[in-house]
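Q: I would like to learn how to read a model like this one. Let us take one feature at a time.

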Amino acid sequence: MRALKLHELTLAERLADMAVDALIDEADLSPKPALVDRRGNGAHHDLHLGLMHASALSLWPMFKEMAEAAIEWGEVGVPLREALGRIGREGEQAMLVTTNGVNTHRGAIWALGLLTAAAALEPRAVTLNAARLALLNDRYAPQPMSHGAQVAQRYGARGAREEAQLGFPSVVQRGLPQLYKSRQQNAGEQNARLDALLAIMTELADTCVLYRAGPEGISTMQRGARAVLDAGGSATLAGRRQLHELDQHLLALNASPGGAADLLAACLFIDRLDGAL
Ligand SMILES: CC(C)(COP(=O)(O)OP(=O)(O)OC[C@H]1O[C@@H](n2cnc3c(N)ncnc32)[C@H](O[C@H]2O[C@H](COP(=O)(O)OP(=O)(O)OP(=O)(O)O)[C@@H](O)[C@H]2O)[C@@H]1O)[C@@H](O)C(=O)NCCC(=O)NCCS
Ligand SMILES: Nc1ncnc2[nH]cnc12
């Protein structure tokens, strides 16, 4: 019998797999406060789980191309930054075609795009190199009046751009340590991931929440997330009660923490990458 020779995945293909898997795991994780999950649409009228999955899958070629660009340029610099900007904008268009114009993953394209490229350059300095890339100027980036730009003007929040430029502190200092801690306490994988999301929410200035619900939305999100963790986390009954309260309060404010969801996906990507090294 002839042996079947399977196609061996390239590094860029494996990184694209990890990025898409992280997005799908984030979408599936339930119950996430006011976000799209297996239960429903959260605070969104135009999003659902199937759309989040389709959007994540549509981004696979983009992540692969970003990793290939990083391998080709071989170092952090303006040529790589501008290549990533171009590929990211094309990826956004592919996403919008798939979702019929709904913004599902703009923040994730930014965060995971930078992290995928950084991982292709040097898997052991991912957040550092992602930050160095985010600090570089892309001459071709348009300056649209995005929701993020509007709340930056109104409240001074610098959102997704600053989070990346600082080396993803929400991921490195809050999400990942909480993920490991909850795993160590045998919370169960889904609860550990929920706890990581909540840890991210405790301090994030999420521009999606700010845009929809202002500073009241931010303090509701941050205090509510802290209350779940202080009550023992998602694996405990007291924590689950607090999580339900947080969900209800955010829904009442129409506040969706989409930025925190993207950063959870970034955590899950780095966690997978660490496991593959
Ligand atoms: C540099 C960019 C990040 C542009 O950023 P900017 O802040 O100007 O623009 P936004 O598009 O408003 O925000 C970016 C998205 O980042 C997520 N996010 C929010 N806060 C944070 C934070 N503190 N840290 C990290 N990430 C954060 C968030 O993404 C999620 O929310 C999206 C839905 O948001 P929104 O459109 O506001 O949706 P709704 O409220 O639901 O709208 P309505 O229904 O009410 O109409 C969703 O996509 C999640 O992903 C922010 O939205 C960068 O985007 C950029 O320059 N891109 C250009 C291409 C490029 O250079 N790419 C580089 C590739 S490496
Ligand atoms: N699960 C989710 N629900 C709503 N917005 C999101 N943005 C990224 N992930 C999301």
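Q: Is S234 buried or exposed?
A: Buried means under 20% relative accessible area, exposed over 50%, and partly exposed in between (1.4 Å probe, protein chains only). S234 counts as buried because its relative accessibility is 1%. This is a predicted model: local features need pLDDT of at least 70 and side-chain atom pairs count only at pLDDT 80 or more, while totals for chains, interfaces and linings use all residues. Residues are numbered from 1 along each chain as its sequence is written, chains are lettered from A and ligands numbered from 1 in the order in which they are written, and side-chain values use heavy atoms, with hydrogens and water left out.

Q: Where is S234 found, and which residues is S234 in contact with, leaving aside neighbours within four places in sequence?
A: Helices are DSSP runs (H or I, at least four residues), numbered from the N terminus. S234 sits in the loop between helix 11 and helix 12 (237–253). Contact means heavy atoms within 4.5 Å. Leaving aside neighbours within four places in sequence, S234 has contacts with N191, L194, D195, L198, V228, R240 and L243.

Q: Now the ligands. How many residues surround ligand 1?
A: A residue is near a molecule if one of its heavy atoms lies within 4 Å of it. By that rule, ligand 1 has 34 residues around it. N103, R106, H147, G148 and D262 are the closest.

Q: What classes make up the shell around ligand 1?
A: Ala, Val, Leu, Ile, Met, Phe, Trp, Tyr, Cys and Pro count as nonpolar; Asp, Glu, Lys and Arg as charged; the others, Gly among them, as polar. The shell around ligand 1 holds 13 polar, 11 nonpolar and 10 charged residues.

Q: Which residue has a backbone N or O atom 3.1 Å from an oxygen atom of ligand 1?
A: A polar contact is a pair of N or O atoms within 3.5 Å. Within protein, one must be able to donate a hydrogen and the other to accept it, and residues adjacent in sequence count only if both atoms are side-chain atoms. Here the residue is G107. A polar backbone atom of A205 lies 3.0 Å from a nitrogen atom of ligand 1. For T207, a polar backbone atom is also 3.0 Å from a ligand 1 nitrogen atom.

Q: How much of ligand 1 does the protein bury?
A: Accessible areas come from the Shrake-Rupley method with a 1.4 Å probe; for residues, only the protein chains shown count as cover. Ligand 1 alone exposes 1200 Å², and the protein buries 87% of that. Among the elements giving two or more residues to its shell are helix 4 (78–99), helix 5 (106–121), helix 11 (207–230) and helix 13 (258–276).

Q: Which residues are around ligand 2?
A: They are E26, K32, L35, V36, H44, L47, M52, T104, G258, A261 and D262. A polar side-chain atom of E26 is 2.9 Å from a nitrogen atom of ligand 2. V36 places a backbone N or O atom 3.0 Å from a ligand 2 nitrogen. Ligand 2 has 270 Å² of accessible area on its own, and the protein covers 96% of it. Helix 13 gives the largest share of this shell, three residues.

Q: Are E26 and K32 buried or exposed?
A: E26 counts as buried, at 5% relative accessibility. K32 is buried too, at 0%. E26 belongs to helix 1 (residues 11–28), while K32 is in the loop between helix 1 and helix 2 (49–58). E26 and K32 are in contact. A polar side-chain atom of K32 lies 2.8 Å from the backbone oxygen of L29.

Q: Which residues touch the most other members of the largest nonpolar core?
A: A nonpolar core is a set of buried Ala, Val, Leu, Ile, Met, Phe, Trp, Tyr and Cys residues joined through side-chain atoms within 4.5 Å. The largest one has 80 residues, and F63, L115, M201 and F269 touch the most other members. Helix 13 gives the most to this core, 11 residues. A second, separate core has seven residues, including V36 and M52.

Q: Which helices do the buried residues of helix 6 pack against?
A: They pack against helix 4, helix 5, helix 8 and helix 13. N129 and L133 are among the buried residues of helix 6 (residues 126–135). V76, in the loop between helix 3 (60–73) and helix 4, has contacts that include N129 and L133. V76 and N129 are 53 residues apart in sequence, yet their C-alpha atoms are 7.0 Å apart.
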